[in-house]
Amino acid sequence: MFALIVSGCMGDQIDATNKLVQQQQEQLEHQQQELEALQSNQNQNYTPGVASPPRGGCDKDVEMTATHRGGDKFAAGEFNKALGYYQDALMACPNDERAEVNVARAYEALGNKVAAINLYRKVADTDSGTGSATVSDAQDEAKAALLRLQATRMP
């Protein structure tokens, strides 16, 4: 008789546990759906590594997001990841001198001096197109980097 009472109590406990597990599973599924919805709404136009330039223009939102994330990775010493984000920013805005300098900085930090110098030269030699002698901050930074890199190669 005692065995029947114990087995009845155990059955009730198992049923209660199964019900609790089912409720928790439903909550997890609901939270997963909410997370997916949030992720799809956040940076809808931006997926790291697959930025593509807009037709005939510049996607400033993607550029700003990628540049910010690249800056965070660069500051953390994760230069390969920074390079990827900076390249995404450059893809989003192909004619942006700041994006080119950021890519060059990442190349330089990774030890790829040739690629860095080529991009720094491109920016340093860029005509602003305004018809004036105005030099951008990016051009100044590129020129300073070229001088620094040339100085490291001198005996």
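The accessible surface of this protein comes to about 10,600 Å², and carbon and sulfur atoms account for 54% of it. Accessible areas here come from the Shrake-Rupley method with a 1.4 Å probe, and for residues only the protein chains shown count as cover. Please keep in mind that this is a predicted model, in which local features need pLDDT of at least 70 and side-chain atom pairs count only at pLDDT 80 or more, while totals for chains, interfaces and linings use all residues. Residues are numbered from 1 along each chain as its sequence is written, and side-chain values use heavy atoms, with hydrogens and water left out.

## Overall build

Of the 155 residues in the protein, 26% are buried. Buried means under 20% relative accessible area, exposed means over 50%, and partly exposed lies in between (1.4 Å probe, protein chains only). The protein has six helices and zero strands, so its elements read α-α-α-α-α-α from the N terminus on, where helices (H or I, at least four residues) and strands (E, at least two) are DSSP runs numbered from the N terminus. Taking contacts between residues at least 6 apart in sequence, 49% join residues at least 24 apart; contact means heavy atoms within 4.5 Å.

## How the helices pack

Two packed helices are described by the angle between their axes and the distance between the axes. Axes are lines fitted to C-alpha atoms, for helices over the stretch in contact, and angles run from 0 to 180 degrees between N-to-C directions.

| Helix pair | Angle | Axis distance |
|---|---|---|
| α2 (residues 60-75) and α3 (residues 79-92) | roughly 165° | within 8 Å |
| α2 (residues 60-75) and α4 | roughly 25° | within 12 Å |
| α4 (residues 97-109) and α5 (residues 113-124) | about 160° | 8 Å |

Let us start with α2 and α3, whose axes cross at roughly 165°. That makes α2 roughly antiparallel to α3; angles under 35 degrees count as roughly parallel, over 145 as roughly antiparallel, 65 to 115 as roughly perpendicular and the rest as oblique. α2 passes α3 in a left-handed crossing, a label used if the near helix is turned anticlockwise from the far one by less than a right angle, with right-handed used if clockwise. On the α2 side, V62, E63, A66, T67, R69, G70, G71, K73 and F74 make the contact, and on the α3 side F79, K81, A82, Y85, Y86, D88, A89 and A92 do. These residues divide into nine nonpolar, three polar and five charged. For these classes, Ala, Val, Leu, Ile, Met, Phe, Trp, Tyr, Cys and Pro count as nonpolar, Asp, Glu, Lys and Arg as charged, and the others, Gly among them, as polar.

Next come α2 and α4, which cross at roughly 25°. That makes α2 roughly parallel to α4, and their crossing is left-handed. Here E63, T67 and F74 in α2 meet A99, N102, R105, A106 and A109 in α4. By class, this contact has four nonpolar, two polar and two charged residues.

Finally, α4 and α5 pack at about 160°. That makes α4 roughly antiparallel to α5, and α4 passes α5 in a left-handed crossing. E97, E100, V101, V103, A104, R105, Y107 and E108 in α4 meet K113, A115, A116, L119, Y120, K122 and V123 in α5. The residues of this contact divide into nine nonpolar, no polar and six charged.

## A closer look at α2

E63 is placed in helix α2 and counts as buried, at 7% relative accessibility. Leaving aside residues up to four places away in sequence, E63 touches C58, A89, A92, C93, D96 and A99.

T65 and Y85 are 20 residues apart in sequence and have their C-alpha atoms 8.7 Å apart.

D72 is found in helix α2 too, but D72 is partly exposed, with a relative accessible area of 44%. D72 and Y85 are 13 residues apart in sequence, and 9.9 Å separates them from C-alpha to C-alpha.
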